[in-house]
Amino acid sequence: MTEPVVRPAVHGSDYAELSRLVRGAGLLDRRPRYYAIKITVLALLLAVGGAVFALLGDTWFQLLVAVYLAALFGQIGFLGHEAGHQQMFRSRRANDIAGLVHGNLLVGLSYGWWTGKHNRHHAHPNQLGKDPDISIGALAFTPGQAGGKRGPLRAVVRYQAYLFFPLLTLEAVSMHAVSVRAVLGGGVGNRPLRRRWLEGLLLLGHCAGYLTLVALVLSPLRTIAFIAVQQGLFGVYLGCAFAPNHKGMPVLGEQDQLDFLRRQVLTSRNVTGGWPVETLLGGLNYQIEHHLFPSMPRPSLRHCRLLVRTYCAQRGLPYTEAGLATSYAEVLRALHAAPR
């Protein structure tokens, strides 16, 4: 692909100009066939995992199935994320159905809670007081946040760079708990949860099916071990997919004012590595493009990257990319520096 020709634009219309280029290239067109295939493949892989689990019976080898299902739950979760951004299909109804099935029913996370929280993150990435993803009780991303911690959390934050990956083993459990609270409470904060009863029934169906299947096949001790490994690694996978995107990038103050293009680009990091990393991270390695165009289908993001990178270079706007290992190193450095 040759580098696109980008015409100069005045500062105030930079994003509008970029949007015209992207739309003109057809990169915002829906890709329903891609997602139909993706959904089918993941459904087959889930069926295979269930069949292997049933056939193996009560054995410690089931922990290998737990690892497999943790990775598969992560991939299913990525589809729920894309449905929430209306990336998958042309109609909102079809996307919402896909999100409820992949989120609530298959992995046990509230689709409504997630989309509400995640949309707030997209509107104000890495901005204090506005981005829920940097308002985490167990972590601090600025000296001010670190200074505000009390009791055991102060000790956790002091060593958060060392505790980050171990803490991720609790991420899935935390998200399940918040999902249940959102359904029981009718929402999060002052934001009501749409389809509250449907979401609750789907979450209940997931929990009942998951726990019943595991308990029927495994002994009590192996049941506990299986759930701990599967849910722990599921949380690690989700955390490792989302952490490289913004952690270690500039944190904006509550009063900082940037135009949309600069707010999204300056606070986001892409992860290089081609299609293996794209598959591993569910397309979130193209974080800059995803934040600029949240409804862009996953397979279009790689094509958008060159256009956006060229556009940023011609305007002197930093465009950050790093390898996967380097990205995690930047995350840990930032976490180590924040409390100091």
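Student: What radius of gyration does the chain have, and what would a compact globule with 340 residues have?

Tutor: This is a predicted model, in which local features need pLDDT of at least 70 and side-chain atom pairs count only at pLDDT 80 or more, while totals for chains, interfaces and linings use all residues. Residues are numbered from 1 along each chain as its sequence is written, and side-chain values use heavy atoms, with hydrogens and water left out. The radius of gyration is taken over C-alpha atoms, and the globule rule is 2.2 Å times the number of residues to the power 0.38. Because that rule gives a value near 20 Å for 340 residues, the chain agrees with a compact globule at 21 Å.

Student: How many helices and strands does the chain have?

Tutor: Helices (H or I, at least four residues) and strands (E, at least two) are DSSP runs, numbered from the N terminus. The secondary structure comes to 16 helices and four strands.

Student: What span does helix α11 reach?

Tutor: Helix α11 covers residues 220–246, which is 27 residues. The expected span of a helix is 1.5 Å times one less than its number of residues. For α11 the expectation is 39 Å, and the distance from its first C-alpha to its last is close to this, at 40 Å.

Student: Which residues does F226 touch?

Tutor: Contact means heavy atoms within 4.5 Å, and residues up to four places away in sequence are not counted here. On that basis F226 touches F53, Q62, L63, V65, A66, L69, Y210, V214 and L218.

Student: What is the geometry of the aromatic pair formed by Y15 and F293?

Tutor: Rings of Phe, Tyr and Trp (its six-membered ring) pair if their centres lie within 6.5 Å; planes under 30 degrees apart count as stacked, over 60 as edge-to-face and the rest as tilted. A search of the whole structure finds 11 aromatic pairs. In this one the rings lie 5.6 Å centre to centre with 25° between the planes, and the pair is stacked.

Student: Which residues does P132 touch?

Tutor: P132 is found in the loop between α5 and α6 (143–147). Its relative accessibility is 17%, so P132 counts as buried. Leaving aside residues up to four places away in sequence, P132 touches K117, R120 and H121.

Student: How far from the centre of the ring of Y311 is the charged end of R315?

Tutor: A charge sits over a ring if NZ of Lys or CZ of Arg is within 6 Å of the ring centre and within 35 degrees of the ring normal. The charged end of R315 sits over the ring of Y311, and its distance from the ring centre is 3.8 Å.

Key
Buried < 20%, exposed > 50% of the residue type's maximum accessible area, 1.4 Å probe, protein only.
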